[in-house]
Amino acid sequence: MPAIPRDRSIDSTLALLAEGYTFISARCERLRSDVFETRLMLRRVTCAMGEDAAAMFYHPGRFSRVHAIPQTALMLLQDAGSAQQLEDEAHLRRKHLFLSLMTPERVQELVRGFEQQWQARAARWETAGEVVLHEELERLLCSAVCQWMGVPLTEAAVRQRAAEFAAMIEGAGAVGPRNWKGMLRRSRTEDWARNLIEGVRAQHISAPEGSPLQEIALHRGADGSLLDSRVATVELINLLRPTMAVARYITFSALAMHRYPQCRARLRSGNEDYLDCFAQEVRRFYPFFPAVGGLAREDFIWRGIPFPKGSWVLLDLYGTNHDRRIWGDPHLFRPERFRERERTAFNFIPQGGGDMLHGHRCAGEAVTLALMKTAIRLLTRDVEYDVPQQDLRISLSRMPAIPRSRFIIGNVRQVIDMHDHARVLRSAEKRVY
């Protein structure tokens with residue numbers, strides 16, 4: 001029976017917090033193995049990375065997500081009762097709800113709203129001197145997704161909700177004040193979202209027919225009853241917060257265009273194939289979620305190694321996307337690689353792997369890509385800007401990662417007139433994301 005290499009530390013929790021995204025891959029390299037055992041929070045855990053490990057982890061029905069990540073992170077990322085915490089038929093039914101809200105037509109509706117918000121906001125950037133792009137993106141996305149959901153917000157409300165969602169995202173990978181702030185902000189958001197759910201059900205709030213707010217508020221479980229109001233509140237938040245998290249990918253896209261100006265020049269040409277490669281390389285190259293956890297639902301054997309029921313396993317997402325066995329030169333930013341190598345459900349897993357419909361792969365990948373591509377087009381064709389001197393370093397020990405300055409731009413100039421903009425919108429409506 002093969003033996004799993006073991007990290008010598010009595011407990012590696014502090015090392016995980018200090019090393020962040022590279023915690024698993026660094027030990028795999030040192031131990032010359034893509035799987036090892038250690039202890040986190042005094043619990044035994046098996047850590048793994050790579051394409052084979054992803055196929056093992058995403059084998060249908062093999063792992064449960066319940067109790068697989070710390071409670072403080074769970075409450076800021078998913079929460080109890082959410083789709084990610086369900087299995088089998090209950091999970092499929094809830095996943096179908098989310099996928100029904102992610103049709104190409106609905107995604108395009110969200111994209112149009114984001115473009116309109118961008119155009120209105122960009123006019124202010126021209127007179128603002130310098131703006132922090134990441135913070136602007138969070139507000140743009142918050143406004144766009146709330147309008148799409150069926151609850152347009154005033155500008156003051158956008159600032160409040162965006163700050164609350166941002167605090168949740170910022171606090172999910174932290175211990176201490178950053179996490180406490182996220183938990184406090186989440187309680188305020190929950191009150192707001194619960195009032196929306198209960199208001200729609202009591203017909204005190206009129207949600208547009210077929211809107212995501214109405215669909216979630218009136219969704220029924222397998223027994224035909226409405227979701228518990230707390231669970232419906234959680235799922236409403238789980239639609240809003242991940243959309244705002246796309247601001248990180250867009251910020252990383254702006255950073256990549258700044259650091260690799262040859263990419264920006266090619267993007268301005270309008271080549272849609274290269275745009276897709278660029279967006280995918282941003283998702284591969286830059287840090288988003290570090291890892292995903294699961295508890296084995298039944299005994300199983302992988303590579304001759306027995307995993308008893310209840311075994312805790314962490315799959316390294318960041319490490320797999322930087323695995324030289326898959327990518328060859330993983331630490332180079334090279335969009336062309338996505339023309340050279342076929343993507344599979346297990347070798348490219350920035351937002352999880354496996355089957356989208358039946359597994360736990362993120363239902364919002366199409367939304368992520370659509371918003372990223374739209375923002376990249378706007379950054380390369382609709383505006384010009386300067387990038388002043390700033391601290392653009394990314395600490396891989398900080399989860400979730402972000403450039404320290406959050407990418408400041410200045411001297412913003414809009415370069416598209418209204419006739420051209422109307423043409424771009426018409427063209428965007430015809431694209432299939």
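1. Leaving aside its neighbours within four places in sequence, which residues is Trp118 in contact with? In this predicted model, the contacts of Trp118 are Trp125, Leu137, Leu140, Ala375, Leu378, Leu379 and Val383. The next point places Trp118 in its surroundings.

2. Trp118 is one of the residues with the most contacts inside the largest nonpolar core, together with Phe114, Trp192 and Phe278. That core has 85 residues. Helix H11, residues 229-259, gives the most to this core, with 17 residues. Apart from this core lies another one, of 18 residues, which includes Val35, Phe57, Phe63 and Val313. As general background, nonpolar side chains in soluble globular proteins tend to be buried together.

3. The next point concerns a sheet. Five strands form an open sheet with mixed pairing, in the order S1-S2-S8-S5-S3. Strands S1 (35-40) and S3 (63-64) stand at the edges; each has a single partner strand, so one side of each is left without a neighbour in the sheet. Helix H2, residues 23-31, lies across S1, S2 (43-48), S5 and S8, and runs at about 130 degrees to S1.

4. S5 (residues 291-296) and S8 (residues 312-316) pair in the antiparallel sense over five bridges. Within this pairing, Ala291 stands opposite Asp316, and Gly293 has Leu314 as its bridge partner. S3 and S5 also run antiparallel and are joined by two bridges. Here Ser64 stands opposite Leu295 in S5.

5. What does Glu190 touch, not counting residues up to four places away in sequence? The residues are Asp79, Arg230, Thr233 and Ile237. Glu190 lies in helix H9, residues 177-201. Its relative accessible area is 14%, which means that Glu190 counts as buried, the cut-off being under 20%.

6. Aromatic pairs come next. A search of the whole structure finds 18 of them. Tyr249 and Phe288 form a stacked pair, with 4.2 Å centre to centre and 20 degrees between the planes. This pair links distant parts of the chain: Tyr249 is in helix H11, while Phe288 is in the loop between helix H13 (272-285) and S5, 39 residues apart. Both Tyr249 and Phe288 are buried.

7. One aromatic cluster is formed by Phe252, Tyr260, Phe278, Phe285, Tyr286 and Phe333. Phe278 in this cluster is also among the residues with the most contacts inside the largest nonpolar core. Arg284 lies over the face of Trp327, at 5.6 Å from the ring centre. Arg62 lies over the face of Phe300, at 4.2 Å from the ring centre.

8. The peptide bond from Met399 to Pro400 is cis, with omega near 0 degrees. Pro400 is found in the loop between strand S9 (383-386) and strand S10 (408-414). Phe407 lies in the loop between S9 and S10 as well. Its phi is near 60 degrees, a positive value in a residue other than glycine. Asn411, in strand S10, also has a positive phi, of about 50 degrees, although it is not a glycine. Are Phe407 and Asn411 buried or partly exposed? Phe407 counts as buried, at 0% relative accessibility, whereas Asn411 counts as partly exposed, at 42%.

Notes. Residues numbered from 1 in each chain as written. Predicted model: local features only at pLDDT ≥ 70, side-chain atom pairs only at ≥ 80, totals over all residues. Heavy atoms only, no water. Helix = DSSP H or I, 4+ residues; strand = E, 2+ residues; numbered from the N terminus. Buried < 20%, exposed > 50% of the residue type's maximum accessible area, 1.4 Å probe, protein only. Contact = heavy atoms within 4.5 Å. Pairing = 2+ DSSP bridges. Axes fitted to C-alpha atoms, helices over the stretch in contact; angles between N-to-C directions. Core = buried A, V, L, I, M, F, W, Y, C linked by side-chain atoms within 4.5 Å. Phe/Tyr/Trp six-rings, centres within 6.5 Å; stacked < 30°, edge-to-face > 60°. Lys NZ or Arg CZ within 6 Å of the ring centre and 35° of its normal.
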